[in-house]
Each structure stands twice: as structure tokens, then as C-alpha cells.
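This report describes the fold of one chain for a reader who has not seen it before. Please look at the sequence and the model first.

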Amino acid sequence: MAGHLGGTGRLVVLDFDGVLLDTEHTGIVVWRRLLEGEALEPPHGINVRPDLTLDRDGLRRDLVDAVGRRRTRALWEEFERLNRAEADLLDARTGVRPFLAHCLERGHRLAVASGNGRDWVEGHLERLGIRSVFGSVHCAGPGVRTKPAPDTYLGALRAALADPREALAVEDSHTGLAAAHTAGLAAAWVTDAPDSIAPPTPVAHRVRTLDELIGAF
């Protein structure tokens, strides 16, 4: 998929985990298998937020309370290993490739704003064969706070010399929506959450798959 990185259309900034690759769901499945195999059940089970994303901080606290810091570190290392293996088998989420093609055809510019590390994000984008469609990729790391801080979105705006009022963020999580809102971007929420679950900030679109946004702009 060839990219039109010099387009003059709208800047579309996409989250990675849960939007481009279904690693949020995979991570929950991996944790369930791991804890069942270890015969462990944290006090609150697997910590899943109302937006259906994994609450890693909450799960870590529960594990520390249940088994201590040393065993929690070992469990987390095993999770990361298993999760990487599972994620490496995933294709892009349903609707991703048609949506990216639509954006390129319309001359929109594309970027990624992720709370994950650069090696993880860039590695998967290359593996999926879609890295070339993104003009820039912005990840949490040294000097770049993770979401809900707006840092990755502000980086995408600076790289594209874009007005936030003319950009669109695409997110799957409440923390991501909050980050986009703080940065001044309108947002589309890609979610399987029940309709009774409201976003933390106003959203321009609420869809279940990215291709539902085709034709919206």
C-alpha cells in the first residue's frame, strides 16, 4: 500500500493498540490463560475498564497484593513473552486496510500516536506492511508521557504542521480519547463497548470498525 505522505487533506492520527491491531483483546486473553495456569485469581479478576481495555496498573497492584513484587515481576515478564508471540500472529484489525486506502485516495495525511514503545509499534507496522502509509509515528518513551497526557498527539501535529481543529484522532480507549481532547483534536471512538458506556469527552464518531468511517470525511 503506497503512501501519499505529501497530501494536503486532513490529518488523521490513529492509536495503535486496539485500533490498528487487536492487541487489547489479545492481552486480556493471554493474562487469563497465564493466571489460570498459575492457579491465581487476583481479588478483582482481570482488570478490564468499561471501555474494554486492560487496566494494567490495576492488575499490577492486585498481583503485588496477592503474590508480592518478585512473583509479579516474573509473571509480567512471562506475560510479555506470551503476548508478543500472540500479537505476532495477528493481522490488522477488520476495516483497517480499506480505511487506510480510503484516506490515501482522498489525500488525507496519516500518523500514529501510541502509548506503547517505539520498537513494538514500528515492528508491527513493518510486519503488517503498512508503515509506509504513515508520515510519522509517535510513541511514549523518554521525554514523551503516555496517555492521557497529550504528548504523542502534539508530536503528530508538530510533525505535520497541522491545525488540531482540522485533525481527527482515532482511539479505542478512554485514556486515548482524553489525550486527543487535551491536544485539541476531534475524535472517533472505535469500540465494542455497550452503548450504555459513554466516552469521557465528546466524540465526532462512534464506530465498531474503522471502515465504518469511510465516507464520513
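The model is predicted: local features need pLDDT of at least 70, side-chain atom pairs count only at pLDDT 80 or more, and totals for chains, interfaces and linings use all residues. Residues are numbered from 1 along each chain as its sequence is written, and side-chain values use heavy atoms, with hydrogens and water left out.

**Whole chain**

The chain holds 7 helices and 6 strands; helices (H or I, at least four residues) and strands (E, at least two) are DSSP runs, numbered from the N terminus. Along the sequence their pattern is β-α-α-α-α-β-α-β-α-β-α-β-β. The radius of gyration is 18 Å, close to the 17 Å that the globule rule gives for 217 residues, so the chain is as compact as a globular protein of that length. This radius is taken over C-alpha atoms, and the rule is 2.2 Å times the number of residues to the power 0.38. Along the principal axes, the C-alpha atoms fill a box of roughly 55 × 35 × 35 Å.

**The sheet**

An open sheet is formed by 6 strands in the order S3-S2-S1-S4-S5-S6, with parallel pairing. Its edge strands, S3 (136-139) and S6 (205-207), each pair on one side only. Two strands pair if DSSP finds at least two bridges between them. On average, neighbouring strands are turned by 20° against each other, direction ignored. In the pairing of S1 (residues 11-14) with S4 (residues 167-171), there are 4 bridges in the parallel sense, and Val12 stands opposite Leu168 in S4.

Helix H6 (residues 151-160) packs on this sheet and touches S1, S2 (109-114), S3 and S4; its direction makes about 155° with that of S3. Helix H7 (residues 174-183) also packs on the sheet, touching S4 and S5 (186-190), and its direction makes about 170° with that of S5. Contact means heavy atoms within 4.5 Å. Axes are lines fitted to C-alpha atoms, for helices over the stretch in contact, and angles run from 0 to 180 degrees between N-to-C directions.

**Helix pairs**

Two packed helices are described by the angle between their axes and the distance between the axes.

| Pair | Angle | Axis distance |
|---|---|---|
| H1 (residues 23-37) and H3 (residues 69-87) | roughly 130° | within 9 Å |
| H3 and H5 (residues 118-128) | about 25° | 12 Å |

The angle makes H1 oblique to H3, whereas H3 and H5 are roughly parallel to each other. Angles under 35 degrees count as roughly parallel, over 145 as roughly antiparallel, 65 to 115 as roughly perpendicular and the rest as oblique.

Residues of H1 that meet H3 include Val30, Trp31 and Leu34, and those of H3 include Leu75, Phe79 and Leu82. By class, this contact of H1 with H3 has 8 nonpolar, 4 polar and 3 charged residues. Ala, Val, Leu, Ile, Met, Phe, Trp, Tyr, Cys and Pro count as nonpolar, Asp, Glu, Lys and Arg as charged, and the others, Gly among them, as polar. Asn83, Arg84 and Ala87 in H3 meet Trp120, His124 and Arg127 in H5, a contact with 2 nonpolar, 2 polar and 2 charged residues.

**Backbone details**

Most residues other than glycine have a negative phi, and most peptide bonds are trans. Ala39, in the loop between H1 and H2 (56-67), has a positive phi near 55°. The peptide bond from Lys147 to Pro148 is cis, with omega near 20°; Pro148 is found in the loop between S3 and H6.
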